[in-house]
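Dear colleague,

I am handing over the structure we spoke about, with the sequence alongside. Please look it over first, and then read the notes that follow.

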Amino acid sequence: MQFTERLKLDGAEWVRSQNFWLFGTATFKDGSRITDSDAISDAKHFFNILDRQILERKDTLQGKRLDRLVFLEHGRLGANSHIHFFIKGIHLTQYKAIAKLAPQIWQERISKAHNLIIKDNMGLD
């Protein structure tokens, strides 16, 4: 097996082992005009707001965050920047709150946002 194939399989196995609850895709109004630094900045801003909305203040003050894995992608032709992420909370009761608030926050608080689609990831392989 080639190194890149092994890396993909090992990476997929690690992601599965993390048991992330949700998978999201966040897009921009014009993904071809978003720089990597702007997309990263928007993602950081988005996740900071989401952390503050979902977690208790004492947790965020201690530096706790929602567990997440975030990818910046550029589309097949390299001209459509967007963000994919896996995420989970601390308590399962936060599942619905994350699913509900994430699209709202993306739409209302990120100026160049187009939409955010979030899907259940529990039990998926």
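This is a predicted model: local features need pLDDT of at least 70, side-chain atom pairs count only at pLDDT 80 or more; totals for chains, interfaces and linings use all residues.

Elsewhere among the aromatic residues, one cluster is formed by Phe28, Phe46, Phe47, Phe85 and Trp106. A ring also takes part in an arrangement with a charge, since the charged end of lysine 88 sits over the ring of phenylalanine 20, at 5.7 Å from the centre of that ring.

Next come the charged pairs. Side chains of opposite charge can pair when their charged atoms come close. The structure holds seven salt bridges, and I describe some of them here.

Lysine 112 and aspartate 42 meet through their side chains in a salt bridge, with a distance of 3.9 Å from N to O. Lysine 112 lies in the loop between α4 and β4 (113-120), whereas aspartate 42 lies in helix α2 (residues 36-54), so this pair ties together parts that are 70 residues apart in sequence. Lysine 112 has a relative accessibility of 32% and counts as partly exposed, whereas aspartate 42, with 11%, counts as buried.

Helix α2 also contributes aspartate 51, which forms a salt bridge with arginine 65, where the closest N and O atoms are 3.4 Å apart. Arginine 65 is found in the loop between α3 (57-61) and β2 (67-73), and the pair links distant parts of the chain, 14 residues apart. Is aspartate 51 buried or exposed? Its relative accessibility is 0%, so aspartate 51 counts as buried, the term used for values under 20%. Arginine 65, for its part, is partly exposed, with a relative accessible area of 36%.

A further salt bridge is made by the side chains of aspartate 59 and lysine 64, at 3.7 Å from N to O. Aspartate 59 is buried, with a relative accessible area of 12%, and lysine 64 is partly exposed, with 39%. Salt bridges that share partners also join Asp51, Arg65 and Arg68 into one network.

Finally, there is isoleucine 90, which lies in the loop between β3 (82-88) and α4 (95-109). Which residues does isoleucine 90 touch, leaving aside those up to four places away in sequence? With those set aside, isoleucine 90 touches Trp21 and Leu55. Isoleucine 90 is partly exposed, with a relative accessible area of 43%. Lysine 64, already mentioned for its salt bridge with aspartate 59, is 26 residues from isoleucine 90 along the chain, and the C-alpha atoms of these two residues are separated by 9.7 Å.

With kind regards

Definitions and conventions:
Residues are numbered from 1 along each chain as its sequence is written. Side-chain values use heavy atoms; hydrogens and water are left out. Helices (H or I, at least four residues) and strands (E, at least two) are DSSP runs, numbered from the N terminus. Buried means under 20% relative accessible area, exposed over 50%, partly exposed in between (1.4 Å probe, protein chains only). Contact means heavy atoms within 4.5 Å. A salt bridge is a side-chain nitrogen of Lys or Arg within 4 Å of a carboxyl oxygen of Asp or Glu. Rings of Phe, Tyr and Trp (its six-membered ring) pair if their centres lie within 6.5 Å; planes under 30 degrees apart count as stacked, over 60 as edge-to-face and the rest as tilted. A charge sits over a ring if NZ of Lys or CZ of Arg is within 6 Å of the ring centre and within 35 degrees of the ring normal.
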